[in-house]
Amino acid sequence: MDKKEYLKREVYCGNVSEELEGKEITVYGWVNNKRGLGGLTFIDLRDREGIVQIVINETFKEQELAKTIGKEFVLSVKGKVIKRSNPNPDLFSGKVEIIAETIIILAASKLPPFFPENSGNVSDEIRLKYRYLDLRNSRLQRNFRIRNEVTNAVRSHLTENGFFDIETPMLSKATPEGARDYLVPSRVYGGKVFALPQSPQLFKQLLMVSGFERYYQITRCFRDEDLRADRQPEFTQIDIEMSFGEPEELFAIIEDMVVKIFKIAGKSVTTGFRQITYKEAMESYGSDKPDLRIPFKIKDLTESAKKLGSNIVDGIIESGGKIKTISMPDSKKYSRKILDNINSYIREVGGKGVVWIKNTENGFKSSIKADPEKLSELYKENEIDTDNIIFMIGDQEMKALTLMGRLREFLGKDYMDKDKLEFLWVVDFPLFFYNEDEDRFDSNHHPFTSPYLDEVGLLETDPIKVRSIAYDLVLNGVEIGGGSRRINDLELQKKIFSLLNLSEEEINNKFGFFLDALSYGAPPHLGIALGLDRVLMLLTDEDSIREVIAFPKTTSSLCMLTGSPSEVSDKQLNELKIKIIN
């Protein structure tokens, strides 16, 4: 490039339009495609905004240079905008093209392992190893445009509602929040470690004690846990906390924000999200994050099932179990092969099997021995359509509900409107669950969640019955946010810690600074954290959050691009006073 030639973006390739017809412009971008036709060469030049067609005709002075240009070369093209004789309706710039006068190769490209437009046909490992090539794909470029617009909308909305954007530390103290911490050894204090935050939970509560009243942060969080499609070791959440408010006020703020977020992707959302209790969610849907697009509910058939005279069913009930059922239409489509697959699925997810009953040309039949007349009576007693097939699972109640919830999701996919957005607040979670492996109570959310104050007395007599002022925001069966009212009373917080089987020494060591803060006038406060990556996954209709994270890890927590985690030198380990044990 001549020293007097300066790079200056005039117009993006994807924004070249008829308004520029007759003008001489310069565009920059990557070669998306190159093809010859007669004496002409056509180049599709791509940048983040889209593609414009470049035409190299016989008047172009550097024909030899044009021959050297390959796909993914970076070019500067100067030329005149003219109308296309064969418009391309799929491109914003499709009515015009640029007749090249000058082309400068700004960077050559060797043959890539895949071309961006074909990345969907490449293994995830290769895509992630060459993520910078993958990100050139127009779908991913769109995803990150949306991500940028969403974060801007979030900041604007929360600022309008009086929230301050305040950063909290990345290097902090290890505290129990449900997952394993990522630990960072200290060089200065050998043998001691920082922890990367699983969330800014304690710091945002301290900001409420500090009197800021309304805080938010779009922040990175780290959890060393097993991965899946909607989980990564590092992720981003929209973290919110507010003082002197009730959950309904926070719900309204969040719902208004969701409306603005989904409008960015052209999706309409109406506020006034449905609310159901945790108890109702489990009893009707077998899940604390039910997909309401599936139009079927779970019912209890324990009393009716007693009348079937089945030794199997009677044995379950006599051992304290419950019989849960779901009724599905069009029983004729459930062939023996399909029923066997359903039974195998339930076994795969931890059940012993599923019982089915359906009406046939020869009367009622079931996978258990039962009188057809009694099967018919069961249908009548429970007002079940005789064209329906019913599935029954028997076990201890919570397990039976959970298994039936999995079956509801498994069978219900063919009956739901996949374009529908079903938002739901699930509220009133139990404060504790009993950890049988460790023979103790664990927090259902985290140990800073407030119980209903009129149920505090039950902490002494029956803690498992205490409800928490906690809530999750669910969209189409995916939990996208969770929060609660926090404990602002020092003695109540100590009581919760003791019920979690934490010793006085552990409490002081891990939370002494926090308990001290509560003694200096902590206001009533509550908050929520929304998983930005999960929200964006649903917003962009992707199946994995990796498609909305610029440089994600694999399902085994590896970064294929950089090769991390990696080994470090003995010198670094010695400085940190760390020894690797193989």
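**A helix, its strands and some rings**

Guide: At the start of α11, a side-chain oxygen of aspartate 371 comes to within 2.7 Å of the backbone nitrogen of glutamate 373. This is a predicted model, in which local features need pLDDT of at least 70 and side-chain atom pairs count only at pLDDT 80 or more, while totals for chains, interfaces and linings use all residues. Residues are numbered from 1 along each chain as its sequence is written, and side-chain values use heavy atoms, with hydrogens and water left out.

Visitor: Which residues of α11 are buried?

Guide: In α11, which spans residues 372-381, they are Leu375, Ser376, Leu378 and Tyr379, where buried means under 20% relative accessible area, exposed over 50% and partly exposed in between, with a 1.4 Å probe and protein chains only. Seen down the axis of α11, these buried residues fall within an arc of 155°, so they line one face of the helix; the arc is that of the directions from the helix axis to the C-beta atoms.

Visitor: And what does the face turned away carry?

Guide: That face of α11 carries the exposed residues Glu373 and Lys380.

Visitor: What do the buried residues of α11 pack against?

Guide: They pack against α8 (302-305), β14 (355-360), β15 (363-366) and β16 (389-395), with contact meaning heavy atoms within 4.5 Å. Helices (H or I, at least four residues) and strands (E, at least two) are DSSP runs, numbered from the N terminus.

Visitor: How do β14 and β15 pair?

Guide: β14 and β15 pair in the antiparallel sense over four bridges, and a hairpin joins them through two residues. β14 also runs antiparallel to β16, joined by three bridges, with valine 355 opposite methionine 392 in β16. Two strands pair if DSSP finds at least two bridges between them.

Visitor: Changing topic, how many aromatic pairs are there?

Guide: A search of the whole structure finds 18 aromatic pairs, counting rings of Phe, Tyr and Trp (its six-membered ring) whose centres lie within 6.5 Å, with planes under 30 degrees apart called stacked, over 60 edge-to-face and the rest tilted. The rings of phenylalanine 251 and tyrosine 471 have their centres 5.1 Å apart and their planes at 85°, so the pair is edge-to-face.

Visitor: Where do phenylalanine 251 and tyrosine 471 lie?

Guide: Phenylalanine 251 lies in helix α6 and tyrosine 471 in strand β20 (residues 470-475), so the pair ties together parts that are 220 residues apart in sequence. Phenylalanine 251 is buried at 3% relative accessible area, and tyrosine 471 is buried at 1%.

How values were computed
A polar contact is a pair of N or O atoms within 3.5 Å; within protein, one must be able to donate a hydrogen and the other to accept it, and residues adjacent in sequence count only if both atoms are side-chain atoms.
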